[in-house]
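Here's a quick briefing to read alongside the model. Grab the viewer and follow along, topic by topic.

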Amino acid sequence: KLQEKTRQELESQVDERTFELQVTLRELEEKNRSLELLNTEDALTGIKNRRFFDKKLVMELRRSRREQTPLSIVMLDIDRFKNINDTYGHIIGDQVIKAVSDLIKDHLKRPLDEVARYGGEEFTILLGSTDSSGAMQVIEKLLKNVRNLKIPNENASTKPTLTLSIGLATIYPDKTNEYEDLLLAADKLLYSAKTAGRDT
């Protein structure tokens, strides 16, 4: 009887410890998920960050290569952003970045489309299974609607006027394509838009 009682007590203790361990592991998994989300999200805008985007681009290139579908990448830059910060202050500058990121999100309708803050006032959009004409439709709407953005500014009589410069690159991936090629092509076209007078 004593042996049986001791065995039952030990089993009960083991069950209790096992349960506690399972609860602790679940809590750790939830914390890890939260940390992972924080590591891939831009704090100001709530959209994905460059770290996430770089990984996503590699995955999308592989998927496009497998499915033989086009992949478009759009690089956007808020024009004369330094002037906005200098004229209206950094709080308004942050509001501008947030407003532009929200506008971009509103223009992406498909679950696979992804926007990320690439750095400072620069954003990237990844459009899977989208050729250049499909990507141009997204760009044209963005260029039009960004001009109508209203940024609240109680401390000034004028409001910042917003325009974007945009670079678009589209490829049909094959074994020789690398994600750097696509980024470089879009970046060069973004620079061309900047030197050509912006808002394009």
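**Salt bridges along the helices**

R7 has a relative accessibility of 36%, so it counts as partly exposed. Keep in mind that this is a predicted model.

- R7 pairs up with E11 in a salt bridge, with 2.5 Å between the closest N and O atoms.
- Both E11 and R7 sit in helix α1, four residues apart, or about one turn of the helix.
- E11 is partly exposed too, because its relative accessibility is 41%.
- Across the whole structure, a search turns up 13 salt bridges.
- Over in helix α2, E60 and K56 are likewise four residues apart, about one turn of the helix.
- E60 and K56 form a salt bridge as well, their closest N and O atoms being 3.8 Å apart.
- E60 counts as buried because its relative accessibility is 4%, and K56 is buried with a relative accessible area of 13%.
- K56 and E60 belong to one network with R63 and E67, joined by salt bridges that share partners.

- K194 and D77 meet through their side chains in a salt bridge, at 2.5 Å from N to O.
- K194 is in helix α6 (residues 179-195) and D77 is in strand β2, so this pair ties together parts that are 117 residues apart in sequence.
- K194 and D77 are both buried.

**The sheet**

- Five strands make up an open sheet in the order β1-β3-β4-β2-β5, and the pairing is mixed.
- At the edges you'll find β1 (48-49) and β5 (164-171), each pairing on one side only.
- Strand β2 (residues 71-78) runs antiparallel to strand β4 (residues 122-128), and seven bridges join them.
- Within that pairing, V74 stands opposite I125 in β4, while L71 has G128 of β4 as its bridge partner.
- β3 and β4 are also antiparallel, paired over five bridges, with G119 facing E122 in β4.

- Seven of the seven residues of β4 are buried, so the strand is largely enclosed by the rest of the structure.
- E122, T124, L126 and G128 point one way from β4, F123, I125 and L127 point the other way, and all are buried.

**Helices packed on the sheet**

- Strand β2 runs antiparallel to β4, and helix α4 (residues 90-107) packs on the sheet, touching β2, β3 (114-119), β4 and β5.
- The direction of α4 makes about 10° with that of β4.
- Helix α5 (residues 132-146) also packs on the sheet, where it touches β2, β4 and β5.
- The direction of α5 makes about 170° with that of β5.

- S64 lies in helix α2 (residues 50-67) and is buried, with a relative accessible area of 0%.
- Leaving out residues up to four places away in sequence, S64 touches T69, P70, L71 and P173.
- On the surface, L21, L25 and L28 form a nonpolar patch with about 290 Å² of accessible area together.

Notes:
Residues are numbered from 1 along each chain as its sequence is written. This is a predicted model: local features need pLDDT of at least 70, side-chain atom pairs count only at pLDDT 80 or more; totals for chains, interfaces and linings use all residues. Side-chain values use heavy atoms; hydrogens and water are left out. Patches are made of residues with over 30% relative accessible area and no salt bridge: like charges are joined within 9 Å, nonpolar side chains (Val, Leu, Ile, Met, Phe, Trp, Tyr) within 5 Å. Accessible areas come from the Shrake-Rupley method with a 1.4 Å probe; for residues, only the protein chains shown count as cover. A salt bridge is a side-chain nitrogen of Lys or Arg within 4 Å of a carboxyl oxygen of Asp or Glu. Two strands pair if DSSP finds at least two bridges between them. Helices (H or I, at least four residues) and strands (E, at least two) are DSSP runs, numbered from the N terminus. Contact means heavy atoms within 4.5 Å. Axes are lines fitted to C-alpha atoms, for helices over the stretch in contact, and angles run from 0 to 180 degrees between N-to-C directions. Buried means under 20% relative accessible area, exposed over 50%, partly exposed in between (1.4 Å probe, protein chains only).
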